[in-house]
Amino acid sequence: MKHPAPPASQDDAPATSAPLYSPARVRELLTRHGLKPTKSLGQNFLIDGNILRAIAEAGGAAPGVPVLEIGPGLGVLTREIHSRGAQVTTLEKDERLRAVLAETLGDTDVQIIWGDALDFDYAGLPAGTRVIANLPYYITGLLLSRFMRAPAIVSATVLVQKEVGQRLAAKPGTDNYGFLSAIAALYGSVRHVRDVPKGAFLPAPDVTSSVIRLDFDRDRPAPEPEFLKFIEAALHHRRKTLRNNLRMIGHDGEAIDAALADLNIRADVRAEDVALGDLRDMAVKLGVIR
(Lines give C-alpha, C1' and ligand atoms only; values in the text may rest on other atoms or scores of the structure.)
Protein backbone atom coordinates (compact mmCIF):
# COMPACT_ATOMS: atom_id res chain seq x y z
CA MET A 1 0.00 0.00 0.00
CA LYS A 2 1.37 3.39 -0.98
CA HIS A 3 1.54 6.11 1.58
CA PRO A 4 0.78 9.67 0.45
CA ALA A 5 3.80 11.90 0.14
CA PRO A 6 4.16 14.52 2.88
CA PRO A 7 3.04 18.01 1.89
CA ALA A 8 5.79 20.11 0.40
CA SER A 9 7.16 22.84 2.63
CA GLN A 10 7.47 26.41 1.46
CA ASP A 11 11.21 25.86 1.00
CA ASP A 12 10.52 22.82 -1.22
CA ALA A 13 8.38 24.83 -3.63
CA PRO A 14 9.97 26.12 -6.84
CA ALA A 15 11.63 29.40 -5.98
CA THR A 16 9.83 31.34 -8.69
CA SER A 17 6.41 30.25 -7.42
CA ALA A 18 7.15 30.68 -3.71
CA PRO A 19 6.07 33.84 -1.86
CA LEU A 20 8.55 36.70 -2.12
CA TYR A 21 9.39 36.39 1.56
CA SER A 22 10.23 32.67 1.42
CA PRO A 23 13.88 31.72 2.04
CA ALA A 24 13.96 29.85 -1.28
CA ARG A 25 12.74 32.89 -3.23
CA VAL A 26 15.07 35.28 -1.40
CA ARG A 27 18.09 33.05 -2.10
CA GLU A 28 17.04 32.63 -5.73
CA LEU A 29 16.72 36.38 -6.25
CA LEU A 30 20.06 37.08 -4.61
CA THR A 31 21.82 34.37 -6.61
CA ARG A 32 20.26 35.29 -9.96
CA HIS A 33 21.11 38.97 -9.51
CA GLY A 34 24.59 38.25 -8.17
CA LEU A 35 23.87 39.89 -4.81
CA LYS A 36 25.06 39.32 -1.28
CA PRO A 37 23.57 41.15 1.73
CA THR A 38 25.87 43.97 2.78
CA LYS A 39 26.50 44.03 6.52
CA SER A 40 27.70 47.65 6.44
CA LEU A 41 24.26 48.66 5.10
CA GLY A 42 22.41 46.61 7.68
CA GLN A 43 20.85 44.33 5.06
CA ASN A 44 18.88 41.54 6.74
CA PHE A 45 15.90 40.47 4.65
CA LEU A 46 12.60 39.46 6.30
CA ILE A 47 11.50 35.90 5.51
CA ASP A 48 8.53 35.53 7.88
CA GLY A 49 5.11 36.31 6.42
CA ASN A 50 3.46 36.63 9.83
CA ILE A 51 5.97 39.29 10.88
CA LEU A 52 5.50 41.17 7.61
CA ARG A 53 1.74 41.25 8.07
CA ALA A 54 2.07 42.29 11.71
CA ILE A 55 4.33 45.22 10.81
CA ALA A 56 2.05 46.48 8.03
CA GLU A 57 -1.02 46.11 10.25
CA ALA A 58 0.55 47.86 13.25
CA GLY A 59 1.89 50.63 11.01
CA GLY A 60 -1.54 51.56 9.71
CA ALA A 61 -1.05 50.61 6.05
CA ALA A 62 -4.48 51.13 4.49
CA PRO A 63 -6.08 52.40 1.26
CA GLY A 64 -4.91 55.91 0.42
CA VAL A 65 -2.53 56.26 3.39
CA PRO A 66 0.83 57.77 2.42
CA VAL A 67 3.59 55.46 3.67
CA LEU A 68 7.34 56.03 3.65
CA GLU A 69 9.61 53.00 3.80
CA ILE A 70 13.36 53.11 4.38
CA GLY A 71 15.55 50.43 2.81
CA PRO A 72 13.18 48.17 0.83
CA GLY A 73 15.88 45.58 0.21
CA LEU A 74 14.23 43.06 -2.12
CA GLY A 75 10.82 44.73 -1.80
CA VAL A 76 9.31 42.13 0.53
CA LEU A 77 7.82 44.48 3.14
CA THR A 78 7.14 47.03 0.39
CA ARG A 79 4.79 44.65 -1.39
CA GLU A 80 2.95 43.80 1.82
CA ILE A 81 2.36 47.50 2.52
CA HIS A 82 1.35 48.17 -1.08
CA SER A 83 -1.06 45.23 -1.12
CA ARG A 84 -3.12 47.04 1.52
CA GLY A 85 -3.74 50.00 -0.78
CA ALA A 86 -1.21 52.42 0.74
CA GLN A 87 0.58 55.02 -1.39
CA VAL A 88 4.15 53.85 -0.90
CA THR A 89 7.36 55.81 -1.32
CA THR A 90 10.54 53.89 -0.52
CA LEU A 91 14.12 55.11 -0.14
CA GLU A 92 17.02 52.88 -1.16
CA LYS A 93 20.74 53.65 -1.03
CA ASP A 94 22.14 50.47 -2.58
CA GLU A 95 22.22 50.94 -6.38
CA ARG A 96 22.94 47.22 -6.81
CA LEU A 97 19.26 46.57 -6.04
CA ARG A 98 17.91 48.44 -9.07
CA ALA A 99 17.39 45.31 -11.20
CA VAL A 100 15.84 43.20 -8.44
CA LEU A 101 13.44 45.97 -7.36
CA ALA A 102 12.46 46.52 -11.00
CA GLU A 103 11.49 42.84 -11.00
CA THR A 104 9.72 42.64 -7.63
CA LEU A 105 8.02 46.06 -7.66
CA GLY A 106 7.75 46.70 -11.40
CA ASP A 107 4.04 45.86 -11.51
CA THR A 108 3.20 48.39 -8.75
CA ASP A 109 2.97 52.16 -8.47
CA VAL A 110 5.51 52.25 -5.63
CA GLN A 111 7.76 55.30 -5.94
CA ILE A 112 11.40 54.35 -5.46
CA ILE A 113 13.79 57.16 -4.55
CA TRP A 114 17.46 56.29 -4.87
CA GLY A 115 19.68 57.94 -2.30
CA ASP A 116 20.74 58.11 1.32
CA ALA A 117 17.92 58.31 3.88
CA LEU A 118 20.09 60.65 5.96
CA ASP A 119 20.09 63.16 3.10
CA PHE A 120 16.36 62.97 2.28
CA ASP A 121 14.15 66.05 2.77
CA TYR A 122 11.44 64.73 5.09
CA ALA A 123 9.80 68.17 5.17
CA GLY A 124 8.44 67.58 1.68
CA LEU A 125 6.35 64.51 2.54
CA PRO A 126 2.54 64.63 2.29
CA ALA A 127 0.65 65.34 5.51
CA GLY A 128 -0.35 62.24 7.41
CA THR A 129 2.62 60.15 6.27
CA ARG A 130 3.29 56.97 8.23
CA VAL A 131 6.75 55.45 8.27
CA ILE A 132 6.83 51.64 8.12
CA ALA A 133 10.32 50.20 7.84
CA ASN A 134 12.92 47.61 8.73
CA LEU A 135 15.50 50.24 9.65
CA PRO A 136 19.23 49.77 9.13
CA TYR A 137 20.39 49.26 12.71
CA TYR A 138 23.49 51.42 12.41
CA ILE A 139 21.52 54.63 11.74
CA THR A 140 18.34 53.93 13.71
CA GLY A 141 18.72 56.80 16.19
CA LEU A 142 19.57 59.35 13.50
CA LEU A 143 16.57 58.35 11.38
CA LEU A 144 14.14 58.36 14.31
CA SER A 145 15.21 61.89 15.25
CA ARG A 146 14.49 63.02 11.67
CA PHE A 147 11.05 61.39 11.75
CA MET A 148 10.25 63.13 15.04
CA ARG A 149 11.17 66.52 13.60
CA ALA A 150 9.16 66.11 10.37
CA PRO A 151 5.67 67.62 10.89
CA ALA A 152 4.14 65.56 8.05
CA ILE A 153 5.02 62.23 9.72
CA VAL A 154 2.38 61.14 12.23
CA SER A 155 3.77 57.73 13.17
CA ALA A 156 6.74 55.43 12.68
CA THR A 157 6.40 51.67 12.98
CA VAL A 158 9.88 50.27 12.74
CA LEU A 159 11.96 47.16 13.26
CA VAL A 160 14.85 47.99 15.55
CA GLN A 161 17.29 46.17 17.82
CA LYS A 162 15.45 44.99 20.92
CA GLU A 163 17.66 47.08 23.21
CA VAL A 164 16.87 50.20 21.16
CA GLY A 165 13.17 49.45 21.51
CA GLN A 166 13.63 49.14 25.27
CA ARG A 167 15.40 52.51 25.38
CA LEU A 168 12.67 54.17 23.35
CA ALA A 169 9.95 53.01 25.73
CA ALA A 170 11.91 53.53 28.98
CA LYS A 171 10.72 55.87 31.75
CA PRO A 172 12.85 58.09 34.04
CA GLY A 173 14.44 56.12 36.84
CA THR A 174 14.68 52.85 34.86
CA ASP A 175 17.86 51.21 33.60
CA ASN A 176 17.26 51.88 29.90
CA TYR A 177 16.27 55.55 30.20
CA GLY A 178 18.34 58.05 28.25
CA PHE A 179 18.24 60.78 25.61
CA LEU A 180 16.40 58.63 23.05
CA SER A 181 13.69 57.85 25.64
CA ALA A 182 13.36 61.52 26.52
CA ILE A 183 12.93 62.87 23.00
CA ALA A 184 10.49 60.08 22.10
CA ALA A 185 8.34 61.14 25.07
CA LEU A 186 8.65 64.81 24.11
CA TYR A 187 7.26 64.18 20.64
CA GLY A 188 4.59 61.62 21.48
CA SER A 189 4.23 58.06 22.71
CA VAL A 190 5.89 54.68 22.19
CA ARG A 191 4.29 51.23 21.99
CA HIS A 192 6.06 47.87 21.85
CA VAL A 193 4.28 45.75 19.22
CA ARG A 194 6.21 42.47 19.34
CA ASP A 195 9.67 40.95 19.47
CA VAL A 196 11.10 39.34 16.33
CA PRO A 197 13.47 36.35 16.54
CA LYS A 198 16.73 36.23 14.61
CA GLY A 199 15.37 33.43 12.41
CA ALA A 200 12.84 35.79 10.81
CA PHE A 201 15.68 37.28 8.75
CA LEU A 202 18.08 36.12 6.08
CA PRO A 203 20.89 36.35 6.97
CA ALA A 204 20.06 36.12 10.68
CA PRO A 205 21.32 39.19 12.58
CA ASP A 206 23.37 38.90 15.76
CA VAL A 207 20.57 40.33 17.92
CA THR A 208 16.86 39.96 18.61
CA SER A 209 14.70 42.69 17.10
CA SER A 210 11.50 44.45 18.14
CA VAL A 211 8.68 46.12 16.26
CA ILE A 212 8.05 49.51 17.87
CA ARG A 213 5.39 52.07 16.99
CA LEU A 214 5.97 55.75 17.74
CA ASP A 215 3.02 58.12 17.47
CA PHE A 216 3.87 61.81 17.18
CA ASP A 217 1.55 64.38 18.72
CA ARG A 218 1.64 67.18 16.17
CA ASP A 219 -0.71 69.32 18.26
CA ARG A 220 2.08 69.81 20.80
CA PRO A 221 4.52 72.67 20.24
CA ALA A 222 7.80 71.25 18.98
CA PRO A 223 10.50 71.28 21.67
CA GLU A 224 12.98 74.13 21.33
CA PRO A 225 16.39 73.17 19.87
CA GLU A 226 18.02 74.70 22.95
CA PHE A 227 15.97 72.43 25.21
CA LEU A 228 16.88 69.34 23.19
CA LYS A 229 20.57 70.21 23.51
CA PHE A 230 20.07 70.79 27.24
CA ILE A 231 18.43 67.35 27.67
CA GLU A 232 21.14 65.66 25.61
CA ALA A 233 23.84 67.22 27.80
CA ALA A 234 21.96 66.48 31.02
CA LEU A 235 21.59 62.79 30.07
CA HIS A 236 24.97 62.35 28.38
CA HIS A 237 26.35 60.72 31.55
CA ARG A 238 22.98 59.63 32.86
CA ARG A 239 24.33 57.86 35.96
CA LYS A 240 26.19 60.94 37.08
CA THR A 241 24.43 63.61 39.06
CA LEU A 242 22.42 66.17 37.17
CA ARG A 243 24.48 68.86 38.88
CA ASN A 244 27.77 67.47 37.57
CA ASN A 245 26.44 67.07 34.04
CA LEU A 246 25.23 70.66 33.96
CA ARG A 247 28.54 71.88 35.37
CA MET A 248 30.31 70.04 32.54
CA ILE A 249 28.46 72.14 29.94
CA GLY A 250 29.31 75.41 31.63
CA HIS A 251 26.46 76.20 34.00
CA ASP A 252 27.41 77.93 37.24
CA GLY A 253 27.38 75.66 40.29
CA GLU A 254 25.61 78.16 42.53
CA ALA A 255 22.91 78.76 39.91
CA ILE A 256 22.39 75.01 39.58
CA ASP A 257 22.14 74.60 43.36
CA ALA A 258 19.63 77.43 43.59
CA ALA A 259 17.50 75.97 40.80
CA LEU A 260 17.54 72.50 42.36
CA ALA A 261 16.51 73.95 45.73
CA ASP A 262 13.72 76.04 44.21
CA LEU A 263 12.33 72.96 42.46
CA ASN A 264 12.72 70.74 45.52
CA ILE A 265 15.04 68.38 43.66
CA ARG A 266 17.79 66.59 45.58
CA ALA A 267 21.26 68.00 44.98
CA ASP A 268 22.64 64.50 44.40
CA VAL A 269 19.92 63.30 42.03
CA ARG A 270 21.18 61.28 39.08
CA ALA A 271 20.30 62.65 35.64
CA GLU A 272 18.43 59.48 34.64
CA ASP A 273 16.03 59.87 37.59
CA VAL A 274 14.81 63.37 36.71
CA ALA A 275 11.39 63.71 35.07
CA LEU A 276 11.10 65.64 31.80
CA GLY A 277 8.95 68.31 33.42
CA ASP A 278 11.62 68.93 36.06
CA LEU A 279 14.31 69.12 33.39
CA ARG A 280 12.26 71.72 31.57
CA ASP A 281 11.85 73.73 34.79
CA MET A 282 15.62 73.52 35.32
CA ALA A 283 16.21 74.78 31.79
CA VAL A 284 13.93 77.76 32.49
CA LYS A 285 15.62 78.50 35.83
CA LEU A 286 19.04 78.45 34.17
CA GLY A 287 17.96 80.72 31.32
CA VAL A 288 18.29 78.10 28.57
CA ILE A 289 14.67 78.57 27.48
CA ARG A 290 11.83 80.84 28.51
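A: Let's begin with arginine 266, keeping in mind that this is a predicted model: arginine 266 counts as exposed, with a relative accessibility of 52%.

Q: Which residue does arginine 266 form a salt bridge with?

A: The partner is aspartate 268, and the closest N and O atoms of the two are 2.9 Å apart. Aspartate 268 is partly exposed, at a relative accessible area of 48%.

Q: And which residues do salt bridges with shared partners join into one network?

A: That network is made of Arg238, Arg239, Arg270, Glu272 and Asp273. Within it, arginine 239 bridges to glutamate 272, where the closest N and O atoms are 3.2 Å apart.

Q: Where do arginine 239 and glutamate 272 lie?

A: Arginine 239 is in the loop between α8 (225–234) and α9 (242–248), while glutamate 272 is in the loop between α10 (253–262) and α11 (276–285), so their pairing ties together parts that are 33 residues apart in sequence.

Q: Is glutamate 272 buried or exposed?

A: Glutamate 272 is buried, with a relative accessible area of 2%, whereas arginine 239 counts as partly exposed at 44% relative accessibility.

Q: How many salt bridges does the structure hold?

A: There are 19 salt bridges. One of them joins the side chains of aspartate 195 and lysine 162, at 3.4 Å from N to O. Aspartate 195 belongs to strand β7 (residues 188–196) and lysine 162 to helix α6 (residues 162–169), so this pair also ties together parts that are 33 residues apart in sequence.

Q: Switching to aromatics, how many aromatic pairs are there?

A: The structure holds two aromatic pairs. In one, the ring centres of phenylalanine 120 and tyrosine 122 are 4.9 Å apart with the planes at 80 degrees, so the pair is edge-to-face. In the other, tyrosine 122 meets phenylalanine 147 with centres 5.7 Å apart and planes at 75 degrees, so that pair is edge-to-face as well.

Q: Which parts does the pair of tyrosine 122 and phenylalanine 147 tie together?

A: Tyrosine 122 lies in the loop between β4 (111–114) and β5 (129–134), and phenylalanine 147 lies in helix α5 (residues 140–149), so the pair ties together parts that are 25 residues apart in sequence. Tyrosine 122 is buried at a relative accessible area of 5%, and phenylalanine 147 counts as buried at 0%.

Q: Last one: what sits over the ring of phenylalanine 227?

A: The charged end of arginine 280 sits over that ring, 5.0 Å from its centre.

Conventions. Residues are numbered from 1 along each chain as its sequence is written. This is a predicted model: local features need pLDDT of at least 70, side-chain atom pairs count only at pLDDT 80 or more; totals for chains, interfaces and linings use all residues. Side-chain values use heavy atoms; hydrogens and water are left out. Rings of Phe, Tyr and Trp (its six-membered ring) pair if their centres lie within 6.5 Å; planes under 30 degrees apart count as stacked, over 60 as edge-to-face and the rest as tilted. Buried means under 20% relative accessible area, exposed over 50%, partly exposed in between (1.4 Å probe, protein chains only). Helices (H or I, at least four residues) and strands (E, at least two) are DSSP runs, numbered from the N terminus. A charge sits over a ring if NZ of Lys or CZ of Arg is within 6 Å of the ring centre and within 35 degrees of the ring normal. A salt bridge is a side-chain nitrogen of Lys or Arg within 4 Å of a carboxyl oxygen of Asp or Glu.
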